[in-house]
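Work through the exercises below with the model open. Try each task before reading its solution.

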Amino acid sequence: ARRHHLGWQRAWRDAQPKRAYDVVIVGAGGHGLATAYYLGKNHGITNVAILEKGWLGGGNTGRNTTIIRSNYLQDASAALYEKSRSLYETLSQELNYNVMYSPRGVMMLAQTEGEVRGYRRTAHANSLQGVATEFIGPERVKQLCPIIETKGPRYPVLGALWQPRGGTARHDAVAWGYARACSDMGMDIIQRCEVTGISSENGHVTGVETTRGSIATRKLALVTAGHSSVLAEMAGFRLPIESLPLQALVSEPIKPCMDVVVMANTVHGYMSQSDKGEMVIGGGTDGYNAYTQRGSFHHIEETVRALVETFPIISRLKMLRQWGGIVDMTGDRSPILSTTPVGGIFVNCGWGTGGFKAIPGSGWAMADLLARGAPGPIAGPFGLERFREGRMIDESVAAGVAH
Ligand SMILES: Cc1cc2nc3c(=O)[nH]c(=O)nc-3n(C[C@H](O)[C@H](O)[C@H](O)COP(=O)(O)OP(=O)(O)OC[C@H]3O[C@@H](n4cnc5c(N)ncnc54)[C@H](O)[C@@H]3O)c2cc1C
Ligand SMILES: CSCC(=O)[O-]
């Protein structure tokens with residue numbers, strides 16, 4: 001019983017930093033942990049440290065509204081997000097950890113004629129990309145989600161882009177599952193260890209300064225979401241990223257009333273119901289750059305008011321909790337998986353408001369880039385150079401809610 005009891009409690013070692021590693025990853029969020037996991041699993045590289053200034057999963061990965069989908073427009077996005085969505089399908093088995101993946105279906109409402117045309121276009125693109133989506137009419141929307149008012153006076157529901165195998169997963173469990181697997185492979189996850197400086201020699205990285213001492217490495221991955229520009233500045237280069245708060249809120253728990261995810265870009269909100277019964281509600285980013293992770297009253301008003309015509313039931317709900325994260329927004333709303341101007345330094349960032357769904361696919365592609373020093377087919381289009389070349393991968397419409 002004692003061994004079993006200890007086995008149950010064992011999650012990941014609270015490792016002490018060594019003086020040097022083959023690879024150092026800054027940021028123990030979902031993307032950093034998944035990158036480490038696939039480095040070990042796909043490439044046999046395990047002399048790895050994942051450095052986290054707070055607690056693992058405490059950044060955006062532990063603060064998001066957990067929507068998983070791959071119904072983006074561009075071919076490069078479809079390859080990345082569909083790889084990720086398909087890895088989520090068996091992630092619990094892969095990690096032997098229940099990440100509670102729930103393919104309950106995701107719909108993006110069309111509430112203007114422009115959105116009808118836009119989502120029909122995306123549905124056609126998805127069918128060419130091997131992503132299973134379809135454009136459905138208002139009757140089907142009502143059948144799938146009876147609490148929706150499809151005949152609202154200002155924004156009637158004209159249809160939706162429907163992805164049946166989209167859904168949600170438990171965000172903490174995704175981080176914890178990857179962390180335990182990395183620890184079991186002998187990697188060191190070092191929490192409460194902030195990177196405060198990055199050293200290099202003759203244009204190549206040599207190590208990092210941290211609040212727990214210096215650590216040498218010749219291969220460094222910066223995976224720090226809203227703080228990516230801060231880390232890049234330590235290394236002496238800049239990133240085309242803006243950091244803004246993105247907020248979310250949950251209502252008091254109520255009886256099951258919604259078993260799909262609904263996103264409404266026109267009114268700028270989205271909603272699902274958690275397994276505990278809370279309505280999980282999100283909207284757009286705050287209108288200014290900041291590093292706060294707090295909620296704000298005006299946001300409740302803005303987001304709930306936007307959704308109340310489409311979901312009248314929320315007008316009588318009490319809101320329970322509100323919070324924010326710091327999202328790393330690129331101009332084209334697509335991520336950056338890339339080498340950098342400093343030899344041996346790589347970045348995985350720019351996931352903005354929609355990177356939770358990409359964690360497994362991003363980790364897979366980033367591990368490949370780190371192991372081989374050059375991007376594979378999935379990471380290839382997402383290099384930093386696209387911003388110099390003007391080769392945008394424009395997903396500003398497909399972003400969760402148009403930001
Ligand atoms: C409110 C909200 C709702 C969202 N909803 C969704 C959604 O429904 N679906 C979806 O796909 N995406 C969603 N997202 C986006 C998604 O959460 C993020 O894109 C994703 O979690 C980013 O993961 P990450 O690992 O890159 O970053 P994080 O999880 O933020 O991890 C980065 C880590 O780096 C650490 N760090 C920073 N600086 C340092 C340093 N100097 N030294 C050491 N460590 C450092 C931080 O502490 C942090 O833990 C949402 C985001 C928010 C905020
Ligand atoms: C925060 S928006 C969620 C998404 O991109 O599906």
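Predicted model: local features only at pLDDT ≥ 70, side-chain atom pairs only at ≥ 80, totals over all residues.

Residues are numbered from 1 along each chain as its sequence is written, chains are lettered from A and ligands numbered from 1 in the order in which they are written, and side-chain values use heavy atoms, with hydrogens and water left out.

**Exercise 1.** Classify the ring pairs Tyr 37 and Tyr 38, and Tyr 38 and Tyr 178.

*Solution.* 
1. Rings of Phe, Tyr and Trp (its six-membered ring) pair if their centres lie within 6.5 Å; planes under 30 degrees apart are stacked, over 60 edge-to-face, and the rest tilted.
2. Take Tyr 37 and Tyr 38. Their ring centres are 4.9 Å apart and their planes stand at 80°, so this pair is edge-to-face.
3. Take Tyr 38 and Tyr 178. Here the centres are 5.9 Å apart and the planes at 70°, so this pair is edge-to-face.
4. Tyr 38 is in helix α2 (residues 30-43) and Tyr 178 in helix α7 (residues 171-184), 140 residues apart. Helices (H or I, at least four residues) and strands (E, at least two) are DSSP runs, numbered from the N terminus.
5. Tyr 37, Tyr 38, Tyr 178 and Trp 364 form one aromatic cluster.

**Exercise 2.** Is Ser 84 buried or exposed, and what does Ser 84 touch?

*Solution.* 
1. Locate the residue: Ser 84 lies in helix α3 (residues 75-89).
2. Apply the cut-offs. Buried means under 20% relative accessible area, exposed over 50%, partly exposed in between (1.4 Å probe, protein chains only). Ser 84 has 0%, so it is buried.
3. List the contacts (heavy atoms within 4.5 Å). Leaving out residues up to four places away in sequence, Ser 84 touches Lys 357, Ala 358, Ile 359, Pro 360 and Gly 361.

**Exercise 3.** Which backbone atoms lie close to oxygen atoms of ligand 1?

*Solution.* 
1. Read off the distances from a backbone N or O atom to a ligand oxygen: 2.9 Å for Ile 67, 3.4 Å for Gly 352 and 3.2 Å for Gly 354.

Technical notes: Polar contact = N/O pair within 3.5 Å; in protein donor to acceptor, adjacent residues only side chain to side chain.
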